[in-house]
Amino acid sequence: MRALILGGSTEAAQLARLLAGQDWIAPTVSLAGRTSAPALPPIPHRIGGFGGAQGLAEHLQRTATDVLIDATHPYAARMSANAVAAARATGVPLLAIRRPAWAPVAGDRWTQVADLAAAARALGEQPCGVFLTIGRQELAPFRAAPQHRYLIRSVEAPEEADLPPSATVITARGPFDLASERALLAAHAIDVLVTKNAGGQATRAKIDVARGLGLRVIITERPRKPDAESVQTAAQAWDWLRAHHAAPRGA
Ligand code: NAP
């Protein structure tokens, strides 16, 4: 059974590990190619866009793909929409892994905003220390709030031209734990955390540390993804694949 896994998330990496070495399935992970040194899966992979929904549909047909797994990040809305459209056009069964969002709990001081421009405005006029964990490609709105001091963490360093004037950049790939997040926030005198609502455990520690320290958290709402049959975890996606393959018991 040929499976195409649209990757770029923790769940895609987990599913690739679960499928490595299994002889009932021929999986390929697709990566967008945003990072120059991606963490490569232990199964075959390809890198780069398909050319929209139509390009993906053509790819599915050309490669005789049997099932499509959308395991993209919660904020990769365009790719997920393309997956739904291409699956509909080709009749290839689609399963989406949709990781639940984080929800505020007692003690959280969250401001939920529509997008990163609203997040930059929500920082306010008063200069403060901001921990920006939104990746490296959407920093531009924060150039409009130059009064703040920014600590920016991303997998790869951002372009200089995208940075606000007072910015310290650190490059790191999750997961991150409570102790190191607490030490980082203290070392950089952080007052406010700005983040996407990624969900999951890998990058959750910063939210818990912010609560413990009584810090504000400005968090962007998730983009809408189109409806699709979905599960929440890589293990559940594995079960779905097995059911689709109807493989002999014990294989
Ligand atoms: P996006 O806005 O939904 O997609 C933009 C375009 O990038 C798509 O139309 C597609 O190009 C290409 N693309 C996206 N994911 C791809 C994949 N897995 N394989 C091949 N092409 C892909 O996506 P994005 O937000 O830029 O995210 C890009 C990648 O980074 C995704 O794989 C996502 O899982 C990962 N990621 C995103 C975020 C985030 O905050 N957005 C965070 C962590 C990881 P074509 O139309 O040409 O096919």
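Predicted model: local features only at pLDDT ≥ 70, side-chain atom pairs only at ≥ 80, totals over all residues.
## Basis

Local features need pLDDT of at least 70, side-chain atom pairs count only at pLDDT 80 or more, and totals for chains, interfaces and linings use all residues. Residues are numbered from 1 along each chain as its sequence is written, and side-chain values use heavy atoms, with hydrogens and water left out.

## Domains

The chain splits into domain 1 (2-99 + 224-246) and domain 2 (109-220). These bounds come from an automatic or database domain assignment. The C-alpha centres of the two domains lie 29 Å apart.

## Interface

Domain 1 puts 11 residues in contact with 12 residues of domain 2 (heavy atoms within 4.5 Å). Between them the domains bury about 820 Å², 45% of it on carbon and sulfur atoms. Buried area is the accessible area (1.4 Å probe) lost on putting two parts together, summed over both. Arg34, Tyr75 and Arg99 supply 56% of the area that domain 1 buries against domain 2, more than any other three residues.

The interface has 0 salt bridges (a side-chain nitrogen of Lys or Arg within 4 Å of a carboxyl oxygen of Asp or Glu). On the domain 1 side, the touching residues are 5 nonpolar, 4 polar and 2 charged. Here Ala, Val, Leu, Ile, Met, Phe, Trp, Tyr, Cys and Pro count as nonpolar, Asp, Glu, Lys and Arg as charged, and the others, Gly among them, as polar.

## Second largest pocket

The second largest pocket has a volume of about 210 Å³. Of its 14 lining residues, Pro74, Arg98, Arg222, Pro223 and Lys225 are the closest to its centre. A pocket is an open set of points on a 1 Å grid over the protein atoms alone, where a 1.4 Å probe fits, with protein on both sides within 12 Å along at least five of seven lines; lining residues have an atom within 4 Å of a point. Volume is the space filled by probe spheres set on the points, which are joined across faces, edges and corners. The lining has 4 nonpolar, 3 polar and 7 charged residues.
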